[in-house]
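Okay everyone, thanks for coming.

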Amino acid sequence: MQKCVKWLDEWGEEFFVSVMLAFLIGILALGVFARFLAGKSFPWVEEVCSYLFIWSSYIGIAIAVKRKEQLRVLILMDLLKKRFPNLVKVCYIISEITFAGFCIAVFYFSLGMLENMTVFPQVSAALEIDVFYAYLIIPISMALTAFRTLQTIYRDYKKHTLRYVNAED
């Protein structure tokens, strides 16, 4: 069991994104070949690929956070790094906690959006499935991203490696 949890911690998001992107490529190839070789098009191909791409992108946020490769505005930390390294560490922690708070806020408000979607259901055009399932990725990814952000801070604190690292360093 512990081996499985460790594997999920290290490779879970990457595995799911890889599977989704593989399906996306396969379905796109099917759509292209069907249209140009068989002269038929499947109306659901574009919709399925859009949903797979959106889900992959949202889970990709958690992957970037886990690897510390997410986009950040770091100009203040770059300016202060040499003269006030401890202040930079505090700014880094504050920025990470703020980002986790943002993810939690988006998670919370997306639950309300999903609740509205259960009251006023909508179906997709081609697949005729409830779009609730497409939007379900928002709270999932935000919860996962907040977890990965806090997990990174905790692990860095425990290992005494809590520091701001610029991509150029």
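Let's start with H4, which has 35 residues and runs 52 Å from its first C-alpha to its last, close to the expected 51 Å. That expected span is 1.5 Å times one less than the number of residues. When I say helix, I mean a DSSP run of H or I with at least four residues, while strands are runs of E with at least two, and both are numbered from the N terminus.

Quick housekeeping before we go on. This is a predicted model, so local features need a pLDDT of at least 70 and side-chain atom pairs count only at pLDDT 80 or more, while totals for chains, interfaces and linings use all residues. Residues are numbered from 1 along each chain as its sequence is written, and side-chain values use heavy atoms, with hydrogens and water left out.

Back to H4. Its buried residues include Val-88, Tyr-92, Glu-96, Ala-100 and Cys-103. Buried means under 20% relative accessible area, exposed means over 50%, and partly exposed is in between, with a 1.4 Å probe and protein chains only. So what covers the buried residues of H4? The cover includes helix H3 (75-80), helix H5 (132-135) and H6.

Next up is H2, with 23 residues. From first C-alpha to last, H2 reaches 33 Å, close to the 33 Å expected at 1.5 Å a residue. Among its buried residues are Val-48, Cys-49, Leu-52, Ser-56 and Ile-59. Over those buried residues of H2, the cover includes H1, helix H4 (85-119) and H6.

Now for the inside. In soluble globular proteins, nonpolar side chains tend to be buried together. Here, the largest nonpolar core has 15 residues, and those with the most contacts inside it are Val-17, Met-20, Ile-27, Cys-49, Leu-52 and Ile-59. A nonpolar core, by the way, is a set of buried Ala, Val, Leu, Ile, Met, Phe, Trp, Tyr and Cys residues joined through side-chain atoms within 4.5 Å. The elements giving two or more residues to this core are H1, helix H2 (44-66) and helix H6 (137-159). Which one gives the largest share? That's H2, with 6 residues. Apart from this core there is another one, of 6 residues, including Met-77, Leu-80, Tyr-92 and Leu-162.

Leaving aside neighbours within four places in sequence, Val-17 is in contact with Ser-56, Ile-59, Gly-60 and Ile-63. Contact just means heavy atoms within 4.5 Å.

Trp-7, Leu-8, Trp-11, Phe-15, Phe-16, Val-19 and Phe-23 form a nonpolar patch on the surface, with about 700 Å² of accessible area together. Patches are made of residues with over 30% relative accessible area and no salt bridge, where like charges are joined within 9 Å and nonpolar side chains (Val, Leu, Ile, Met, Phe, Trp, Tyr) within 5 Å. The areas come from the Shrake-Rupley method with a 1.4 Å probe, and for residues only the protein chains shown count as cover. Take Phe-15: this residue sits in helix H1 (residues 2-36), and Phe-15 is partly exposed at 41%.

Okay, charges. How many salt bridges does a search of the whole structure find? There are 8, a salt bridge being a side-chain nitrogen of Lys or Arg within 4 Å of a carboxyl oxygen of Asp or Glu. In one of them, Glu-13 meets Lys-66 at 3.2 Å, N to O. That pair links distant parts of the chain, with Glu-13 in helix H1 and Lys-66 in helix H2, 53 residues apart. Glu-13 is buried, by the way, at 4% relative accessibility. Asp-9, Glu-13, Glu-14, Lys-66, Arg-67, Arg-148 and Arg-155 are linked in a network of salt bridges.

One more pair to look at: the side chains of Lys-68 and Asp-156 form a salt bridge at 2.3 Å, N to O. Lys-68 is in the loop between H2 and H3 and Asp-156 is in helix H6, so the pair ties together parts that are 88 residues apart in sequence. Asp-156 is buried, at 8% relative accessibility, whereas Lys-68 is partly exposed, at 34%.

Last thing, on backbone angles. Most residues other than glycine have a negative phi. Lys-68 has a positive phi, near 60°. Glu-128 also has a positive phi, near 55°, and lies in the loop between H4 and H5. Glu-128 is exposed, at 62% relative accessibility.
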